[in-house]
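Welcome! Have a look at the model, then try each task before reading on.

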Amino acid sequence: MIRLYDTMTREKREFTPGEPGRITMYVCGPTVYGRAHIGNARPAVAFDVLRRLLKHSYPEHQLTYARNITDVDDKIIEAVRSEGVAPEVITARYEAAYLDDMRALGVEDPDIAPHATQEIAAMGAMIGELVASGNAYAAEGHVLFDVSSDPHYGVLSRRDREAMLAGARVEVAPYKRNPGDFVLWKPSATDVIGWESPWGRGRPGWHIECSAMIRQHLGETIDIHGGGIDLVFPHHENEAAQSRCAHGGKPLARYWMHNGFVDFGSEKMSKSLGNTVLVNELLSQGHRGEVLRLALLSAHYRQPLPWTESLIVQSKATLEGLQNALRKVQEVSYIEDEAPSELTDALEDDLNTPAAITALGRIRKTLTTANNEDAVGKAKHHMHVAGQLLGFGSLMRPISATMNMTVELKDFLNPAKFSDQVANAVIQATVDVRTEAKKRRDFAEADRIRDELKADGILLEDGPSGTNWRRA
C-alpha cells in the first residue's frame, strides 16, 4: 500500500488510482533558458523514483507520466535579445542540455513532454472558457483570472489573500479588478514571440500553460501533480483555481506532492541568488551521475537537503561499497524472490529513500556474510530490484555480467603480461559494452565504465561517428 503526503490535505493518504487500469502523473519541468543546477534535478530524481515505484506496485496499470517544457518565458526573451538569435535556438539548446543532465542522473524521459509553444491553441481555448464563465476578464490587451470569482482560492497554499499578493509574480497594475488577479494572456511587442488571439497578439501567462497541457494530454483530473515546494504558491495555487473553474469544480489533481529545496545551509539554491552548482559542472569534475543521484536521495524528498562535498564523498563510498559487494559474488546465480519488504515498505511510505538506502545496506551485508549460495542468490535479486526502484543501473542484473570487464582492466594493461594487441582488444570490448549501455539509455552504467577506464588511464571521446579511446 503506497501512502503519499498530500499538500492539499497536509497528511499522508493511501494512494488509489482514480481510474481502473490507469495512473496519471504530471510534474512541472524546466524553463529552458540555462543549464540545470542540482536543485533543479531534485524533483526530476524524486518523481523518477515515484514513477518506478508506481510501475512496480501497479504492473497492470498504464502509467502516463508527463513533464512539461516551458519554452516561452520572459527569461527566454531576455536570452534571445542578449544573443540575437531565434527563440528556438535558445530553447532547443537548453532542453537538450537538461535531458542530457537528467539522463546522466539516471532519470528516465517522461512519457509525454508537452511544450508550451506547441499548446497555444489549448491554452487559448481554456482562457476563452474562463472568460465566458465570468472567471476571467480582458483588460488592456491582457486577460486576467479573477481570484474573487473562486471561493476556494487559497485552499492549496492556505494563505490569506494579502499574503498571496505579497508572493505573486505579477506586479499590481491599474487594469486589475483585484490586486491578486493573475495573468492568463499578455500582449507581445512585434519584436517578441507572440501569437494572434481574440485579445490581441500576445503570449500565455505561466500558470495557464500547465492547466491546459494537463487537460489536453491527461484529462481534467489527474492522480498526482508534483513539483518543488516553491511552486505551491503562486503557480500550483493558480493552476488549481483556473482548472477548477474551467471544469465545473472538479479538482485538478487528487494528490499534490512537493519536494524540498537543495540548499547551501541557510539559502535555497537559486539562479537568481547566484549560488547554484550546475549538474554538468559536477559531472565534468568527475562525479558519477549515480553518485549524485544517491546524494539527492539521501534525504527525504520533502526535507531540505544541504549540498556539501562530504555528502558527495559519502554517497560515492556507499555506492562503491554496494557495487564491490556485487562483484565479489558475481559467479553466484540470481534466485528469483519477492521484492525485499524492507525496501518496498520504505518507498511505499511516502518515498522514504533514506530508509530504502538503509535497507540496501542490509542487502549488502547479506551478500558479504551469507554462508550459502541460495541466500546470496536471493540477495543479488534483491539488489537488482533495489536498483530498478531507486534507479541505480549498476546494481541491476543486466550489468552484473559486465562489471568484471573493467575492474580487471589494469591487469591487461601490464606490458609485462600482455601485448598491446591483447590490451587494445580488451579496451575496445569494454568501450563496446559502454556503447550498448548508452543504447539502452543506461547512462549510469555508461558513466561507471567511462570513469573506471579513466582511472586506468584510458580516455574516451564521444563523437557523431561513435566513441574513440586513447591512452592518457
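**Exercise 1. Is Arg10 buried, partly exposed or exposed, and what is its relative accessible area?**

Before the steps, two notes on the model. This is a predicted model, in which local features need pLDDT of at least 70, side-chain atom pairs count only at pLDDT 80 or more, and totals for chains, interfaces and linings use all residues. Residues are numbered from 1 along each chain as its sequence is written, and side-chain values use heavy atoms, with hydrogens and water left out.

Step 1. Recall the cut-offs: buried means under 20% relative accessible area, exposed means over 50%, and partly exposed lies in between (1.4 Å probe, protein chains only).

Step 2. Arg10 has a relative accessible area of 29%, so Arg10 is partly exposed.

Step 3. Now place Arg10: this residue is found in the loop between β1 (3-6) and β2 (11-14). Helices (H or I, at least four residues) and strands (E, at least two) are DSSP runs, numbered from the N terminus.

**Exercise 2. Which values of phi do Arg10 and Glu140 have?**

Step 1. Start with the background: most residues other than glycine have a negative phi, and most peptide bonds are trans.

Step 2. Phi of Arg10 is near 60 degrees, a positive value in a residue other than glycine. Glu140 also has a positive phi, near 50 degrees.

Step 3. Glu140 is found in the loop between β5 and β6. With 62% relative accessibility, Glu140 counts as exposed.

Step 4. For the peptide bonds, look at Phe233 and Pro234: a cis peptide bond joins them, with omega about 10 degrees. Pro234 is found in helix α7 (residues 232-246).

**Exercise 3. What is the strand order of the open sheet with parallel pairing?**

Step 1. Strands of a sheet pair through backbone hydrogen bonds, either parallel or antiparallel. Two strands pair if DSSP finds at least two bridges between them.

Step 2. The order is β4-β3-β9-β10, an open sheet of 4 strands with parallel pairing.

Step 3. β4 and β10 (253-259) stand at the edges, each with a single partner strand, so one side of each has no neighbour in the sheet.

Step 4. Zoom in on one pair: β3 (residues 22-27) and β4 run parallel and are joined by 6 bridges. Arg22 has Gln62 in β4 as its bridge partner, and Ile23 stands opposite Leu63 in β4.

Step 5. Check the cover: in β4 (residues 62-67), 5 of the 6 residues are buried. In β3, too, 5 of the 6 residues are buried.

**Exercise 4. Which strands stand at the edges of the sheet that contains β5 and β8?**

Step 1. Write down the order of this open sheet: β5-β6-β7-β8, 4 strands with antiparallel pairing.

Step 2. The edges belong to β5 (136-139) and β8 (202-204); each has a single partner strand, so one side of each is left without a neighbour in the sheet.

Step 3. Phe145 has Phe182 in β7 as its bridge partner.

**Exercise 5. How many disulfides does the structure hold?**

Step 1. A disulfide is a covalent bond between the sulfur atoms of two cysteines. Here the test is a pair of cysteine sulfur atoms within 2.5 Å.

Step 2. The count is 0 disulfides.

Step 3. See why: the closest cysteine sulfur to that of Cys28 is in Cys210, 3.9 Å away, too far for a bond. For Cys245 the closest cysteine sulfur is also in Cys210, at 17 Å, again too far.

Step 4. Both residues are covered: Cys28 is buried, with a relative accessible area of 12%, and Cys245 counts as buried at 17%.

**Exercise 6. Where in the structure is Met102 found?**

Step 1. Met102 is found in helix α3 (residues 87-104).

Step 2. At 1% relative accessibility, Met102 counts as buried.
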